[in-house]
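Please look at the sequence and the model below before reading on. The text then goes through the sheets, the domains and the ligand in turn.

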Amino acid sequence: MLGNMMFQPLLISSMIEHAGRYHADSPVISKNTDLSITETTWGKVHENSKRFANALQALGAQFGDRIATIAWNNHRHLESWYAISGSGMVCHTINPRLFPEQLVFIINDAADKALLFDKTFLPLIKAVKPMLKSVEHYICLDAPDASVAEQLPDVQFYDELIAQQPAAFEWPVFDEQTASSLCYTSGTTGHPKGVLYSHRSTVLHSYAICLPDSLNVSARDIMLPVVPMFHVNAWGTPYAAAMTGCTLVLPGPGLDGASLANMIDAFKVSVALGVPTIWQGLINAAQQSGSKLESLKRNVVGGSACPPAMLKAFKEQFDCETIHAWGMTETSPLGSACQFKAKHQHLSDAEQLQIRLSQGRPPFGVDLRITDAEKGTHELERDGRTSGNLQIKGHWIISNYFGKAESALTADGWFDTGDIATLNEDGFLKISDRSKDLIKSGGEWISSVELENLAMGHPKIAMAAVIAAAHPKWDERPVLIAVKKPEADLSDAEILDYYADKIAKWQIPDKVIFVDSIPLSGTGKMLKKDLRELYGNALL
Ligand code: AMP
């Protein structure tokens, strides 16, 4: 017997309708490409999203078409997201920091029909345009600009397109499993692969990230997603923001520490989200300017492990609670977030710090397990010590990659993340490494993350990466690649000495290489693959 309750498909359009109706006057503040600020509201974002939905229809875009965006986090980008997905098309966000060849590959692979872009990326668009096979419309997310039109003759301008359209638009109703957006993984090997989210997965994921034990988002928040909208949909924050009607502050191209500190102070941001490299920049800038980032109550750190020194700096210097979270493109991304249970609330600071350094536990809606590397699906103990392959399943986890018929899952229906981790009895997750970054020294595993975290705690080190270098006797040994803080005087011996009372002797890196900078990926993660190519033979 079926229940007698109303059925409504879970659609992304319902989130912007909700924000437009119940939070019409909540601010959406956005930094433009020319660094000016636009202050708009959810009411206006809702209205413009309908105007742009009409514009897409007028351009001949059809249900299911892929519409690409190469843009910063800003209000026009936000409006276009809701217009595209809301009208049943697929919003394909693209990372502008990809190599042009990768960009061409993914636009052609997705067969994008239109390409929306911020003015900043005009040179990139011009360079790749001759190689794009499917794009029929180039839309600059801005007011009409003769200098852009001169360089890209058939370009159209977003502001002009929406000005020509009425604000009335009926969002179509369709199957909730319809595709809504598309993100390509960073693709460390081979071509990037597309992850195709659905309306249902996106709505359920949005509910989950708002929960108090996840990011705890409410209408009282002022949220700054520093994580770009092309990095797993800014971790779902633009949807969660509409769902709750919180104030949204979009940083545009201003991702350096000083710009972020200014945004946080000027607009009283209460919660901000980003990868560790972003926070390192913010901490340095705030220390220099003397800002206490007073409004900032929480910051969410994900994408890479949060070093202990960073957690401490936020708590002790800025009275800001850091929520460490784990996820990946294939998992929408939220797989776990670190929030205490009742029994943890009275633990000592040192014990609480240990918990906070873990990646936390899964919200309702996803399930985690660790398995034996050799046997693949054989589940290992949840004892906080045994480590194995981290696998996940749930409502917002990939089943197969875009355009690939074969399943991306294990024989028993789990997605293998490629991360190595432990889980404890309560499901608290501790990532020890990416399987490909682990160092195998004489048959024993060494975690590169642990060595990096320790190095980051050294007062004279600004950034640190540890890689496996080939070794004639031990197969692989750790090598530390470090960037010194400005004007710091630091020797190899001093840093190796620093490790001596913190880890077992055989885990101490064999060599230290000081560099001016560490290459970062488009999403701000250290490119260890590049470092391995550069320094992988440093011990031979
Ligand atoms: P991406 O799909 O590019 O976001 O990369 C996902 C990968 O980033 C994961 O598989 C992890 O290896 C890594 N990652 C994400 N969050 C964390 C975290 N909090 N701690 C450690 N690694 C993380």
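An open sheet of 8 strands runs in the order β2-β1-β11-β10-β12-β13-β14-β15, and its pairing is mixed. At the edges stand β2 and β15; each has a single partner strand, so one side of each is left without a neighbour in the sheet. On average, neighbouring strands in this sheet are turned by 20° against each other, direction ignored. The model shown here is a predicted one.

What does pairing mean here? Strands of a sheet pair through backbone hydrogen bonds, and they do this either parallel or antiparallel.

Two places in the loops of the chain call for a closer look. Most residues other than glycine have a negative phi, and most peptide bonds are trans. Leu35 is not a glycine, yet its phi is positive, about 70°. This residue, Leu35, lies in the loop between β1 (27-31) and β2 (37-41). The other place is the peptide bond from Ser332 to Pro333, which is cis, with omega near 15°. Pro333 is found in the loop between β14 and β15 (334-337).

Next comes another sheet. This open sheet has 4 strands in the order β16-β17-β18-β19, and the pairing is antiparallel. Its edge strands are β16 (366-371) and β19 (429-434), each of which pairs on one side only. Neighbouring strands of the sheet are turned by 50° against each other on average, again with direction ignored. Between β16 and strand β17 (residues 388-394), which run antiparallel, there are 6 bridges. Within this pair, Ile370 stands opposite Leu390 in β17.

The chain can also be divided into domains. Domain 1 covers 14-199, domain 2 covers 300-434 and domain 3 covers 439-535. Between domain 1 and domain 3, the C-alpha centres are 40 Å apart.

The model also holds a ligand. Which residues come nearest to the ligand? Of the 15 residues around the ligand, they are Ala325, Thr329, Asp419, Arg434 and Lys525. Sorted by kind, the residues of the shell around the ligand are 4 nonpolar, 8 polar and 3 charged. Strand β14 (residues 321-327) gives the largest share of this shell, with 4 residues.

For Lys525, a polar side-chain atom lies 2.8 Å from an oxygen atom of the ligand. His324 has a polar side-chain atom 3.1 Å from a nitrogen atom of the ligand. With Ala305 the backbone takes this part: one of its polar atoms is 3.2 Å from a nitrogen atom of the ligand. On its own, the ligand has 500 Å² of accessible area, and the protein covers 91% of it. The size of an interface is often given in this way, as the accessible area lost when the parts come together.

Notes:
Residues numbered from 1 in each chain as written. Predicted model: local features only at pLDDT ≥ 70, side-chain atom pairs only at ≥ 80, totals over all residues. Heavy atoms only, no water. Near = heavy atom within 4 Å. Polar contact = N/O pair within 3.5 Å; in protein donor to acceptor, adjacent residues only side chain to side chain. Areas by Shrake-Rupley, 256 points an atom, 1.4 Å probe, with all protein chains shown as cover. Nonpolar A, V, L, I, M, F, W, Y, C, P; charged D, E, K, R; others polar. Pairing = 2+ DSSP bridges. Axes fitted to C-alpha atoms, helices over the stretch in contact; angles between N-to-C directions. Domains from an automatic or database assignment.
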